[in-house]
Structure formats: C-alpha cells, structure tokens
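Please read this briefing beside the sequence and the structure, taking one topic at a time.

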Amino acid sequence: MKVRTRFAPSPTGYLHIGGVRTALFNWAFARRHGGQFILRIDDTDAQREVEGAVKLICDGFRWMGMDWDEGPEVDGPHGPYFQSQRGPKYEAAMQKLIEAGAAYPCFATDKELAAARDLAKAAKQPYIHRGKERDMPAGEVMDAWKTKRPAMRFKVPLGQVVKLTDHVRGDVEWQTDLTGDFTIARVGGDPLYNFASIVDDVDMEITHVIRAEEHLSNTLPQLLILEALGGKRPEFAHVPFVAKPGGKQKLSKRDPPPGVMVALSEYEEAGYLPDAIFNGLARLGWSLDDKSEIISREKIVANFSLDRITKAAAALDMAKMYWIQDQYMQALPIEVRTERMLDVLAKAGLVRGEPTADQHAKLKALVAASGDRLKLMKDVIRYADYLFRDQLLFEAKAVKTLQAADARSQLEQLQNAFASIEPFDHANIERAAKEVGASLGIGGKINHVLRAAATGRTVGAGVYEVLEIMGKAQTLKNFDRSLACIRSGDFPPLAE
C-alpha cells in the first residue's frame, strides 16, 4: 500500500504551532514509508478566509523544510486542492448518496428544530434528530436537491455498532441509534465539513488520517458517509492537542499565554532554526526513546511511528524550545551562522546591498567571539549592530553608565590612551584599559564605560575582542560621539 497522508488547514490566518505539529506527524509518517504528503486547503467558509493566508501556509511549510507532493503550487492528479474549487466532486458524491437512499432534504425550520430540542431537554433525553423526510423516495429527494437546493441530512442507519481501531486512541465504538441524522449540506448546496472532508479523502486516496483528537467526534459521521459511498476506509490516528505550558488546556489562537509564541511565523521572525522547531515539535507527543531530546530530522523520519504517539496532551514549553534552539545554533559552523546572520542584518537594514568582505570578516569574528551568547539569529542585532550602523545609538543602560558623574573624565583618559595603541589588538587594548583603570583607582570597572562608549551597549562578547574587531578608527570615532552626547545630554536611543 502506498502511504498517502494529508493536512487540510483553513486559510483563516497564521499557521498555529499545534497545526504545524500535526502536519509534521503527517509529513514524517509519509516520508518514513516512502509515501506522499498532500496539502489541501479547506476554504469553503469564504467569510472567515484571510487574504494572503494561503501564501503564509505555503511559506511556513517551505521554511520548515516540509515539502508537499500534491497541493497548491504543486498540483497533481487528484486536484483541485482547494475545497472551494471541488464543487463538482461534492455534487457527484451527494447524488450518489441520494441514489443509495442515504441522504434526504431537511425542510424543518429553526423554530421547529429548537422546539424539538426543548422537548428532549424537558424529558431529560438526548436530542436525536430523525427528519420527517428521511423516508422520502430517492427520486423525490433527487428532484428536491436539483431544484430547491435544501439543507441535506445523512440518513444514519439504525441498529448498528461502528467500530474503529485508532492508532493512538485504541479501540473506539459508536452506536448509530444514539446518533442523529446530521446535516451534510447547507441550504443552497454548500457542503459541510464532515461531508467535504471524507469525500476529499476518498477522492485523493488518503490512506492515513492523522489529525487532532478534537476530530474524533467527526469520525463516526465520516465513516458512515464513507460506507454509503463505497469508499475504502483509511486508517486513523487522533493525536493529542498541544497544551498551554504547564497545563492541560489547549493552546489556542485566541488566548495565548504571555510569552508563548503560537504562530509559526513568530519563531521564524525571532530567529529560530527550522530544524530546531522540527525537533521541538516532534517531541510534543512523540518520542524516540525515554531519553533522547536532540534528534535530527533524518533520525525522526527514519524512526517515526504512530505507536509512539502519546494519548496525553503535550504542553508547549518555551524554555525547552529555547534550549533545543541553542543546541542547534551552537552546532552550526561559524561560516553558516555568519551567512544567516548577515541576512538578518540585511532585513533589519543594517547591511545594504551585497555584504563587503570587511563586513563579512568582522561579523564572523564577532560571532566566534560571542560563543554561546548568540542563541537566536536575531540576537546578532543586539550583539553586532554597532559594527554596521553609520551612527552610534545607545541602549538605556548604556546611557545610564555614561551619565554617571565620573564617566566623562574616564572616557577622556581612555580616548587619550587608545589614540597611541599600535598595533590595535586584544593584548594592547587590554593593557591600555587596565592602565587607565589602575590610574583612576577603579580597576576593571573602567570596562563599563569602555563598552558603553564604544558600542552603545552594556553586554556582549569580551570587550577587548570587540574593540579589536571594530578597529581603531571606529573605536575612536565612537568615543568622540559618546563624549559629544555626554556633553549635550542627548543620547540617540536604540529601538529596543
């Protein structure tokens, strides 16, 4: 059997991290078995669709390195891959259900339906809808469908027990007598989710439906429709939802906890690496063994199986995601980090045009000097912006340092000492700074003013290494600027 999985997001906004995790499971399972991963767009609700959302979805998957074999921008033999374009498929399926006596029109008004629910509630019984039209002859049903386009319901067969062995939830069963005849098309003919989804799965020959556990309740109606259409049942795996940190509540788009990033684009903008996110999301509800945390994409795919997905909700731990990111960042070769950070600086407007050899060399040296301080790609802006700005800007803490009572005299002595340093290297910079600190009786505290005046920052790589990378001319220029700001009391601020 050729494995075919799918992910079917609605284009209603950004890619939620929980949805990406579900898509990852589908992608990894398909790749593990040499199968195909299909991206399908559930865009039947035009009122909720957000302009540009499909591009966000495709860009997000590309950034993650999760290619799709069929779908938007790729096409394939089972298209179209937008549900809004699949009307003829749903029309054919509806007519097939009608011919099989499995669908009927619903002419009940909202008032009548509400009254029926109230009666069931008063009798302390569940409301199970059985429409007056459920035994209408197929010919009359077809005529009503073609001429009036009423709401349509599926005629649930009575007296049956439907069983399913789910790869995650285990054995599940439903009694059809407890299930009401459910709506499969709105007035006007537009298909509802359960109908359109299973029609698409059958038409696209999906073999494994791997989706969030909230869809388990949709499985019975979909299986009943599937049986009536004569389609082949796919295998199912309902995976646990991604929970809020430290809790059991679902991580939602509408109410994200403070400090928690729920959109995939937020991770990209923050400078996370795709492989780190892949690793982190794979570990939300799936494990390789009882100890491995850092697992390469290749190893995840080679070992991915549905039986290692947990039933329990997996909480998103931002500290763990950050730690995983750090592991991947430190494993990147310096040259690769430098190239990617140049891209970040370019997007921030700090590098214009093609980076020069000097810019490349300075950044590479600073990346090496910064060691594990650079944990996210965007950290380079804080640790290296002063190397690329035309004019020095100051963070608030640096301003406070330079506004101290003795800062001006300390900086003037540093300026005098540094003007005669030759060569301008780490050893000579350190020697000169220590001599100034000793002469003022403050020792190493001189480095606070030194760093603030030279970089506009109060943290970073070793200050002597930073100044060597910056060079004598730029260092003295920044000293001049800092002194001018001290005298005027006007420090151009950084946008933190």
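The second largest pocket in this predicted model has a volume of about 390 Å³. Of the 15 residues that line the second largest pocket, those closest to its centre are Glu 268, Gly 271, Val 344, Lys 347 and Met 377. The largest pocket, for its part, holds about 1200 Å³ of space.

**The second largest pocket**

- Helices α8 (264-270) and α12 (334-347) each give at least two residues to the lining of the second largest pocket, and the largest share of that lining, 4 residues, is supplied by α12.
- When the lining of the second largest pocket is sorted by class, 8 of its residues are nonpolar, 1 is polar and 6 are charged.

**The largest pocket**

- The lining of the largest pocket is made up of 42 residues, and the ones that lie nearest its centre are Pro 9, Ser 10, Glu 214, His 215 and Lys 250.
- Two or more residues of this lining come from each of the elements β1, α1, α6 (193-203) and β8 (208-212), with α1 providing the largest share, 5 residues.
- By class, the residues that line the largest pocket comprise 16 that are nonpolar, 13 that are polar and 13 that are charged.

**Strands β1 and β2 with helix α1**

- Strand β1 (residues 4-7) and strand β2 (residues 36-39) run parallel and are joined by 4 bridges, and within this pairing Arg 4 has Gln 36 of β2 as its bridge partner.
- Together with helix α1 (residues 17-32), the strands β1 and β2 form a β-α-β unit that is right-handed.
- Both β1 and α1, which belong to this unit, are also among the elements that give two or more residues to the lining of the largest pocket.

**Asn 428**

- Asn 428 is located in helix α17, which covers residues 426-440.
- Is Asn 428 buried or exposed? Asn 428 counts as buried because its relative accessibility is 16%, and the cut-off for that class is under 20%.
- Once the neighbours within four places in sequence are set aside, the residues in contact with Asn 428 are Ile 421, Glu 422 and Pro 423.

Key:
Residues numbered from 1 in each chain as written. Predicted model: local features only at pLDDT ≥ 70, side-chain atom pairs only at ≥ 80, totals over all residues. Heavy atoms only, no water. Buried < 20%, exposed > 50% of the residue type's maximum accessible area, 1.4 Å probe, protein only. Contact = heavy atoms within 4.5 Å. Pairing = 2+ DSSP bridges. Right-handed = clockwise from strand over helix to strand, strands pointing away. 1 Å grid on protein atoms, 1.4 Å probe; cavity = no way out; pocket = protein on both sides within 12 Å on 5 of 7 lines; lining within 4 Å. Points joined across faces, edges and corners; volume = space filled by probe spheres on them. Nonpolar A, V, L, I, M, F, W, Y, C, P; charged D, E, K, R; others polar.
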